[in-house]
Protein chains: 2
Amino acid sequence: MQKHTGICIIVSILLGMNVVNGGQQNTLNLMPVPEEIVLKDGIFRLDESFALKIDGPADSRLYQAATGMLRRLAGRTGYFLPQDYITAESNPEHPQIIIKTSRIGEVKLFEDESYSLTITDKQITLIAETDIGVLRGFETFLQLLSIDKDGYYFPNCIINDKPRFPWRGLMIDASRHFMPVDVIKRNLDGMAAVKMNVFHWHLADDQGFRVECKTWPKLHDLGSDGFYYTQNQIKDIIAYAADRGIRVVPEFDVPAHATSWLAAYPELASAPGPYTIERGWGIKDPTMNPVNEFTYEFLDKFFAEMAVLFPDDYMHIGGDENNGKQWNANPEIQQFMKENDIPDNHMLQAYFNKQILKSLTKYNKKMIGWDEIFQPGLPTNIVIHSWRGQKSLIESAQKGYMGILSNGYYIDLIQSAEYHYLNDPIPEDTPLSAEEQKRILGGEATSWGELVSYETVDSRIWPRTAAIAERFWSPRSVKNVDDMYRRLDVTSFHLEELGLLHMNNYDMMLRRLTNNHNISPLKTFVDVVEPVKIYTRHRQGKIYTSYSPYTRVVDAARPESMTARHFADLVEKYIADPKNPDAAELILQLSVWLENHRQLVEIIKVSPVLKEIESMSADLEALADLGLEAAKALAKHKTLKKKALKASDVLFENAQKPRGQVELMIVPSIRKLVAAAGN
Amino acid sequence: MQKHTGICIIVSILLGMNVVNGGQQNTLNLMPVPEEIVLKDGIFRLDESFALKIDGPADSRLYQAATGMLRRLAGRTGYFLPQDYITAESNPEHPQIIIKTSRIGEVKLFEDESYSLTITDKQITLIAETDIGVLRGFETFLQLLSIDKDGYYFPNCIINDKPRFPWRGLMIDASRHFMPVDVIKRNLDGMAAVKMNVFHWHLADDQGFRVECKTWPKLHDLGSDGFYYTQNQIKDIIAYAADRGIRVVPEFDVPAHATSWLAAYPELASAPGPYTIERGWGIKDPTMNPVNEFTYEFLDKFFAEMAVLFPDDYMHIGGDENNGKQWNANPEIQQFMKENDIPDNHMLQAYFNKQILKSLTKYNKKMIGWDEIFQPGLPTNIVIHSWRGQKSLIESAQKGYMGILSNGYYIDLIQSAEYHYLNDPIPEDTPLSAEEQKRILGGEATSWGELVSYETVDSRIWPRTAAIAERFWSPRSVKNVDDMYRRLDVTSFHLEELGLLHMNNYDMMLRRLTNNHNISPLKTFVDVVEPVKIYTRHRQGKIYTSYSPYTRVVDAARPESMTARHFADLVEKYIADPKNPDAAELILQLSVWLENHRQLVEIIKVSPVLKEIESMSADLEALADLGLEAAKALAKHKTLKKKALKASDVLFENAQKPRGQVELMIVPSIRKLVAAAGN
């Protein structure tokens, strides 16, 4: 627990120092880290009289947020706080926290989200230009709630905070797998908790068209298998997002990734139909016809309707991965290109985009699309969404275009939080001028939906997206990875109170996998595996579709094994000094793994779905055995025998092979331990 | 695991035999138990070619249900089944299951829900008069999925099944605490899984009016704190329920329990306003004015709108707990009673109900209400909903009225599944004639919402409601309590796959209570406590309101401690024979409790919200210590010393005292153990 020392710690993030050092682990759990924190002596003690007052203009957004903040505070502490539902009439005699705001913010790009939070012994003030800034401040405030032997308190401090980037997004793909309204809502809550402000909703793709469309009703009738959002649900979600200061940017991917549209309206296609909704994954041929006037009439009317339904200034038109096969094979299209001096499919798509842009402009929308839309001749108010990499982002910024980065934030590819965290939209060595840098608006984490179900989506998004949120909000200098992981653990825990199931569903899935037997041995195993990375899962003999089961070990396994990460630390320390204070923990961990397989095989006997990981579980036992031998040798300053080392090579080779599409993440650490004991 | 013995077991529930005996625990996990099961030799082996075909009329309800059944089967087995979305075009060459139905069912009282399921080595058939019967059969089918060393299978059998009662309901109170749409939907899924068919939606009470009303918009504007269902959400929920063969019966409680209406329209009240939404619990005074014509004009227009919004034939008007204070104090009302020869408030409410009935009849609705509405002169097509007890149900049946029972099914009162299970709507010793018995339509579990939040509601409803569902569906003779608990455990586990959080949120709440520390010692403790029963929780110094935190130990604790129940069994066996095979388990359990407190106090130090249970945790340690001593004495055929016995009395007295509003459930068992060792 934190002692309230008399030291006044001034932390300047701008100087590249980190807020928290190893010795003060319970002091601050802020994520994202604010721009500026000054910690002061003393504390504000929370008690059951805690009440708030709002000064300045407010509407239901701020009242709801204030009420919700009190409920979360009460929920954590068990305190019976006196205020019920905050309204304009809420005027407690002795408010301990006063909220001051100057105006009601607009949910749009570049809106002011800054705030200042001052905590003293007896009084807390939260000041922000807009109510949206207040919302951001509430999240910081809740993250500051601390505990000592006398109860709950907030550390005295002054925090001045604002985001580094104005576009901090999360994309959820609701086309490959439909994501029910409650999934979207709880993820919006998660986004708000880490100060993200753009929900990019991938609503149409080969595998499903997910929006009720009144102009072209076959889109949802024939393109969705019945799984689509009604316009009322969409309005409800947009309002829910706005109440959290989050923009909703819809994506309707054209002209490729459009099979579901063509299942409904085959006359839009570049090749004769009929089409059926795509069930498999990958880049598909069906593409809209760019030389058919009906395509543009259709899309013009379509965007006219969607422009009203989705109030944000931006409309995402996708534009990615057009393989050109249908265009190449269509004589009319080829003829058109010849007649109009269009040299290649790339320029033909530019022609297509310009027609779309006319519609969007007519309906007061600005265009955003993936890298491929970046073509000479488009106005500079479009936004380039880079999935391919820094290069295209830099190039477009240099040519005067705004851009956001998603390359490096593909959370569906099962990479580490560290990998995403250290990926900066504007790296230190950027070749961009200060003026050009301003065109980099931020970035988006992208949760592509091929291998994700409504049960697993939370664990694919959280907690890693919180690290990405920090990258978009906090100063570039905030990049201490160990400290990020420490805070990520706390953040992940707090995200649960919003209804996110990234932790809960792990146990649920393990229970199903064991057929309701004791999950403990399976958990010990799954805790140290990760799903295979990048696109490997599609290349291991299983053919996945939109209706495959996503309930196996690979789906329960978390994208990043914190147990394996921690074990790697223990191994490093042990190799440096077998008598280090954590040495016993390493031995204990290896002993648990040594005993685990014999328990897990009993469970596998009564749950055939687990058979696919049986041999890997046996490998874990063998690795633990070997690890213990190596640890013993190191402790006794002996070296492992050559014979043992040779046998270990075979084991390592086998153990690192994926099975059931998961990988055993402790192999490198055991290898290190054995190597150290071999010298 | 189940061996496929060559015995053909014929089980006749009607003869009062139970389907499952202790020796065949993995054979059948059916809940509710079907009317008739004939188990046959052999099995149907499930493989990845499994496909279904529908014969007969069907619409999206049956297609969705069939698709969902395949997804759940795939989810449990990890099998990549070949069919995607079932439609009229789904015609596999070799369907392993053929579904035959004669007509599309109507979601209304008395609809046919019967089905026959026949499983043989190579073929499964599911035959039902209506598609709703097919849905009931799907749930039985999924419950039959079994495991042996070769994989997944279904036991060969013939099941003929139909419900005992046509009205099998669950009431959710969304007024005291608003329950979001996803809470309602997942509970509808749970209901369907155990073959319930009426969702009674308690939508208005003193603490909140939860329906968007276009005729009288202040009802939701001023009566809900912003927490209400839009009409679109209500339509969505009704459609969702209908897709599961579940009726939605709305309740608008009048003339009492109406403060939220009066906050919006004080002119309806029997005493001058203004009124504000009630925050506390209990029976309140505000009551509609039964002698004001405006009341009836208002309600007539109101029911006109609601009659369209809610398509079910029945409308629940509440009618309970009118304390009469406002009526007694209002001279106009008194004058009216005198002029119209109305002797008491009871008859005045009968007058009120008759006016309401006119409106309901006009809008083609039948009336249902709580006991209090039962008054001479009402037509016999009304339904009496008994919350007071069997007596009123019997009386109304004898007088020609239909009725349903909720007395004994108040799941908010934190009683055991056994208690509810053995409560029969028509007990064996019923005085009712066969004809009168037909008027008992069934019953409803009632989840009153005072002490329930969206986080805890699932654990208050499930799994106990599954036992009640069995009471309403299965023959009266099915009442083996131990077998019910065995199947309830399996059912509870399977309910998780529907998204219900009754198990998941337990760990989540414990994590919050420990402030993200190791939950294991807290879990050991909370596993053996239960919230205080009946209405005790309101009488222990805490004043609860609609905005109090429902996040403490008492809220995390489950209504029924299965650990304590199991421990009671262990104690019984131990007293009978200290060398019985489970004796070691008893000693181990006591040893775990003996060690638990010293771990839990460390957690309490860093989580003040747990302080309220600290002394009870210490008692658990002391009880374990005493229990171990008693067990040792029993094993050695010695008796405990008088001094120890005397000290134990003090301990028992203290340990049985509630703290933090929970009770330690192992006290009686330890007491038995000590008593046995004292003789």
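Two strands pair if DSSP finds at least two bridges between them. The legends below apply this to a predicted model.

**View 1. Strand β5 of chain A and its two partners.** β5(A) covers residues 115–119. A hairpin of 4 residues connects β5(A) to β6(A). These two strands run antiparallel and are joined by 4 bridges; in one pairing, Leu117(A) has Leu126(A) of β6(A) as its bridge partner. β5(A) also runs antiparallel to β8(A), with 5 bridges between them. Here Thr118(A) stands opposite Ile158(A) of β8(A).

**View 2. The two faces of β5(A).** In a regular strand, side chains alternate between the two faces of the sheet. Tyr115(A), Leu117(A) and Ile119(A) make up the covered face of β5(A), whereas Ser116(A) and Thr118(A) make up the uncovered one. Leu117(A), on the covered face, is the residue bridged to Leu126(A). Thr118(A), on the uncovered face, is the residue opposite Ile158(A).

**View 3. Domains of chain A and the contact between domains 1 and 2.** The domain assignment divides chain A into domain 1 (34–161), domain 2 (167–501) and domain 3 (505–678). The centres of domains 1 and 2 of chain A, taken over C-alpha atoms, are 34 Å apart. Contact between these two domains involves 14 residues of domain 1 and 13 residues of domain 2. On the domain 1 side, the elements giving two or more residues are α1 (60–77) and α2 (131–144) of chain A. That side consists of 4 nonpolar, 3 polar and 7 charged residues.

View 4. α11(A) spans residues 390–398, and its buried residues are Gln390(A), Ser392(A), Leu393(A), Ile394(A), Ser396(A) and Ala397(A). Among the elements covering these residues are the strands β15 (383–386), β16 (402–405) and β17 (440–447) and the helix α13 (434–437), in chain A. Gly400(A), just after the helix, has a positive phi of about 100°.

**View 5. Helix α16 of chain A.** The 15 residues of α16(A) reach 20 Å from first to last C-alpha, close to the 21 Å expected at 1.5 Å a residue. Its buried residues are Met484(A), Arg487(A), Leu488(A), Val490(A), Thr491(A), Ser492(A), His494(A) and Leu495(A). An α-helix has 3.6 residues a turn, so residues three or four places apart point the same way. The cover over the buried residues of α16(A) includes α3 (181–193), α12 (417–421) and α15 (464–473) of chain A.

**View 6. The contact between chains A and B.** Here 42 residues of chain A are in contact with 42 residues of chain B. On the chain A side, α1, β8 (151–161), α16 (481–495) and α17 (504–513) are the elements that give two or more residues. Helix α1(A) gives the most, with 6 residues. By class, the chain A side has 15 nonpolar, 14 polar and 13 charged residues.

**View 7. The symmetry axis relating the chains.** Chain A superposes on chain B by a rotation of 180° with 0.0 Å of shift along the axis, at an RMSD of 0.0 Å. That is the relation of a two-fold axis. The C-alpha of Asn504(A) is the nearest to the axis in chain A, at 2.7 Å. The copies meet through the same surface, because 100% of the interface residues of chain A are also interface residues in chain B.

Definitions and conventions
Residues are numbered from 1 along each chain as its sequence is written. Chains are lettered from A and ligands numbered from 1 in the order in which they are written. This is a predicted model: local features need pLDDT of at least 70, side-chain atom pairs count only at pLDDT 80 or more; totals for chains, interfaces and linings use all residues. Copies are superposed by least squares on the C-alpha atoms of residues with pLDDT of at least 70 in both. Two residues are in contact if their C-beta atoms, placed from the backbone, lie within 7 Å. Domain bounds come from an automatic or database domain assignment. Ala, Val, Leu, Ile, Met, Phe, Trp, Tyr, Cys and Pro count as nonpolar, Asp, Glu, Lys and Arg as charged, and the others, Gly among them, as polar. The expected span of a helix is 1.5 Å times one less than its number of residues. A residue is buried if 20 or more other C-beta atoms lie within 10 Å of its own, exposed if 12 or fewer, and partly exposed in between; C-beta atoms are placed from the backbone.
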